[in-house]
Amino acid sequence: MRNPFARALTLTILTAIMLTGAAGSALACGGLVTPSGTINLLKTTTLAAYHEGIEHYVTSFEFAGDGSEVGSIIPLPGVPTDVIKGGDWTLQRLIIETQPQPEATGVQFLAADSAGRAEVLLEKKIDALDITVLKGGAVEVGNWAREHGYFLPPDAPEMLAFYADRSPIFLAARFNAERAANRGVQTGQGTPIHVVIPTPNPWVPLRILALGRKDAEVVQADVYLLTDRRPETLPQAERSKGFDENQRGLIQEVSEPASSTLLADLRSDRGMKWLPESGMWLTYIRINETAANLKHDLAIDASGYGRPSPLAAGYPAASGAAPWPVIWTVMAALVAVAFLMVLTDPAVRRQAARVFRR
Amino acid sequence: MKLRAAAAAVALTLLVGAAAASRGAAARANAGTVHIKIHYSTFAPGSLDVEPGETVRFVIRNTDPIDHEFILGDEAVQLAHEEGTEAHHAPRPGEVSVPAGETVITTYTFPQTPGELIFGCHLPGHYDFGMRGTVTIG
């Protein structure tokens with residue numbers, strides 16, 4: 001890739017792929033919610049880059065077509081300062097950098113009770129996508145989604161609570177069928193978005209990928225991290241067995257300094273000038289896990305201290321011990337009273353005195 | 001003797017406490033009314049005991065931000081609703097929609113013969129998700 005001609009050729013190929021709509025970077029890294037309740041099982045691709053205290057979250061939404069409106073909900077670690085159209089080739093360029101590419105033709109990129117209301121922090125139209133950033137608890141955000149025509153599967157209430165307990169910020173995105181038709185958006189065509197989130201504690205939502213899926217279904221996703229230092233993650237990704245499709249879990253396929261050509265290519269994409277020209281670390285984690293086992297998010301410690309936050313990953317707080325049941329408190333009190341009665345009984349005390357004299 | 005009596009009292013206390021702590025999960029209709037809470041797409045309690053011929057008033061509270069149903073009946077009733085196409089229907093005894101965040105009431109008279117009925121939600125994916133419970137008659 002050091003050859004300028006090769007670089008230009010790569011970008012040309014990428015552009016051609018996107019124009020034909022064949023490059024399905026697919027659904028966003030969020031829970032897909034559809035009016036019919038059907039869940040699309042395509043692979044998702046996401047870049048979570050962290051530089052100078054800001055998480056840049058780039059993902060792509062795929063148009064499902066047929067006039068149906070498909071929505072997606074993404075939990076965010078903080079309030080975004082902006083949501084812009086994502087670059088045209090960032091996700092595809094990362095795939096080319098990190099994954100074995102076929103040499104011949106036939107290339108296919110796999111792509112409550114509460115009456116409270118969610119607060120709408122930001123609304124934006126990006127091409128045919130309607131983006132809304134919401135702040136609220138699980139019930140408020142769930143109510144907003146329901147009232148706005150999103151279909152929420154039965155596991156959504158618990159899933160929303162899992163996220164809202166840590167960060168009450170959600171991004172809802174949905175294609176507007178009329179605008180999609182007017183713009184000639186084809187089924188399967190992706191629209192990338194780029195969310196800018198100042199946060200001291202970056203994380204990537206993974207568990208939401210299992211929303212609406214049966215336990216045995218396999219969730220597939222590609223997560224790219226670009227950080228100032230080699231990051232530590234929680235859960236820790238497993239060592240790769242060489243792009244083995246049968247390997248389950250969070251698999252670290254690549255962990256290396258980002259090449260200058262990669263960074264130059266990414267910097268030349270829309271909205272990517274913030275990326276340094278050098279000194280970034282590239283990590284590629286392949287998710288290939290059953291929905292039943294995808295119980296946590298990906299916490300990232302990019303500080304170099306190697307201490308990713310268990311809370312950010314969705315593990316219970318250390319102090320979150322189960323409450324002591326009332327019945328056991330009552331029992332303990334009764335036992336204590338009985339014990340005192342025994343001790344204060346004169347006959348018992350005389351007998352004890354005799355025992356000790358022996 | 002007093003020591004033995006005291007020890008017996010302690011043992012009895014433990015026994016009563018343990019029995020109370022391990023009380024069965026099945027709830028009984030209390031004065032003909034059963035309160036059922038729906039939270040995270042799960043019914044609580046998940047099992048009930050009723051007397052044959054008993055009339056029970058079910059007070060069903062949905063704490064979720066999504067709609068649910070409470071359909072009480074035998075397997076055939078559950079199957080009919082699972083395969084049915086009614087998104088909503090008029091309330092029938094033991095069959096009600098429970099909108100998000102709301103509380104609804106339905107009254108049902110159980111048959112005279114002992115047996116078991118099921119209550120469940122048949123909105124898309126909910127029954128498969130495990131949204132069901134049992135009522136033991138007798």
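Predicted model: local features only at pLDDT ≥ 70, side-chain atom pairs only at ≥ 80, totals over all residues.
Visitor: Why is V77(B) called partly exposed?

Guide: A residue is buried if 20 or more other C-beta atoms, placed from the backbone, lie within 10 Å of its own, exposed if 12 or fewer, and partly exposed in between. V77(B) has 18 such neighbours, and therefore counts as partly exposed. V77(B) is found in helix α2 (residues 75–83) of chain B; helices are DSSP runs of H or I with at least four residues, strands are runs of E with at least two, and both are numbered from the N terminus.

Visitor: How do you know that E232(A) counts as partly exposed?

Guide: E232(A) has 17 C-beta neighbours inside 10 Å, so E232(A) counts as partly exposed. E232(A) lies in strand β12 (residues 232–234) of chain A.

Visitor: Which residues does E232(A) touch, not counting those up to four places away in sequence?

Guide: E232(A) touches D301(A), G306(A) and P308(A), where contact requires C-beta atoms, placed from the backbone, within 7 Å.

Visitor: How are the residues and chains labelled, and which pLDDT limits apply?

Guide: Residues are numbered from 1 along each chain as its sequence is written, while chains are lettered from A and ligands numbered from 1 in the order in which they are written. Local features need pLDDT of at least 70 and side-chain atom pairs count only at pLDDT 80 or more, whereas totals for chains, interfaces and linings use all residues.

Key. Contact = placed C-beta atoms within 7 Å.
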